Amino acid sequence: GAVVSQHPSWVICKSGTSVKIECRSLDFQATTMFWYRQFPKQSLMLMATSNEGSKATYEQGVEKDKFLINHASLTLSTLTVTSAHPEDSSFYICSASDLTRLQETQYFGPGTRLLVL
Amino acid sequence: GNSVTQMEGPVTLSEEAFLTINCTYTATGYPSLFWYVQYPGEGLQLLLKATKADDKGSNKGFEATYRKETTSFHLEKGSVQVSDSAVYFCALSDSGGGADGLTFGKGTHLIIQP
């Protein structure tokens with residue numbers, strides 16, 4: 001149980017286009033979802049936290065107009081990279097948790113690799 | 001702010017060797033501490049956790065003890081196997097792990113040779 005999927009697993013796009021990444025909790029209801037970004041040989045950096053039905057809370061330095069996050073249901077969150085540029089190329093990872101459970105644990109998706117040309 | 005420092009890899013060991021991956025942290029308050037493992041092509045999986053000082057987390061032969069006095073959470077295993085080859089991340093959270101984002105170390109790539 002507690003599986004999180006991401007789609008697509010990798011995407012290549014042209015500079016200036018927008019890219020949407022989906023994160024789904026397959027067998028549990030995700031009251032909270034997180035988006036992380038990972039650069040090569042670097043740690044995962046938290047970008048934002050979203051609770052179902054609420055606006056996402058962004059970490060300092062993360063442009064909310066650049067990285068649009070929607071958490072419209074208890075099983076789906078989306079991250080849209082708007083007007084992508086080469087510096088947005090990275091590995092994006094989502095995680096999800098169900099705060100109604102006694103054991104608080106984040107379950108991670110496999111990640112989406114974005115390459116902006 | 002919070003930060004996690006872990007030894008950089010790759011760490012290469014022979015099968016059945018003893019493993020230690022060091023992790024130290026900086027945090028205000030009393031964080032929860034975690035070790036996550038990432039196998040090739042898969043998402044991060046929680047390996048073990050500890051939520052208060054002197055707690056020992058253990059799973060699959062791995063263990064780590066929350067040492068507040070040294071702000072450390074070193075990962076150990078007595079006898080590693082080839083299947084333990086993966087990237088290991090030390091992390092902390094201001095909550096139990098589900099309500100707040102995690103602060104991660106850079107990860108340690110572990111390679112176990114037969």
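This is a predicted model: local features need pLDDT of at least 70, side-chain atom pairs count only at pLDDT 80 or more; totals for chains, interfaces and linings use all residues.
1. On the disulfides overall, the structure holds two when every chain is taken into account. A disulfide is a covalent bond between the sulfur atoms of two cysteines.

2. In chain A, the disulfide is formed by A:C23 and A:C94, whose sulfur atoms lie 2.0 Å apart. The torsion about the S-S bond of A:C23 and A:C94 is about 80°, and the disulfide is therefore right-handed.

3. In chain B, the disulfide joins B:C23 to B:C90, with an S to S distance of 1.9 Å. Here the torsion about the S-S bond is -70°, and the link of B:C23 and B:C90 is left-handed. B:C23 belongs to strand β4 (residues 23–26) of chain B and B:C90 to strand β10 (residues 86–93) of chain B, so the pair ties together parts that are 67 residues apart in sequence.

4. A:C13 is itself buried, with a relative accessible area of 8%.

5. Turning to the contact between the chains, 20 residues of chain B and 19 residues of chain A take part in it. The area buried between chain B and chain A comes to about 1400 Å², and carbon and sulfur atoms give 57% of that area. On the chain B side, the residues that lose the most area to chain A are B:G98, B:F104 and B:K106, which together account for 32% of what that side buries.

6. As for polar interactions across this contact, the count of salt bridges between chain B and chain A is zero, while two residue pairs are in polar contact, both at pLDDT 80 or more. Strands β5 (32–38) and β6 (45–50) of chain B each supply at least two residues of the side of chain B that touches chain A. By residue class, that side of chain B divides into seven nonpolar, nine polar and four charged residues.

Technical notes. Residues are numbered from 1 along each chain as its sequence is written. Chains are lettered from A and ligands numbered from 1 in the order in which they are written. Side-chain values use heavy atoms; hydrogens and water are left out. Contact means heavy atoms within 4.5 Å. Buried area is the accessible area (1.4 Å probe) that two parts lose on being put together, summed over both. A salt bridge is a side-chain nitrogen of Lys or Arg within 4 Å of a carboxyl oxygen of Asp or Glu. A polar contact is a pair of N or O atoms within 3.5 Å; within protein, one must be able to donate a hydrogen and the other to accept it, and residues adjacent in sequence count only if both atoms are side-chain atoms. Helices (H or I, at least four residues) and strands (E, at least two) are DSSP runs, numbered from the N terminus. Ala, Val, Leu, Ile, Met, Phe, Trp, Tyr, Cys and Pro count as nonpolar, Asp, Glu, Lys and Arg as charged, and the others, Gly among them, as polar. A disulfide is a pair of cysteine sulfur atoms within 2.5 Å. Buried means under 20% relative accessible area, exposed over 50%, partly exposed in between (1.4 Å probe, protein chains only).
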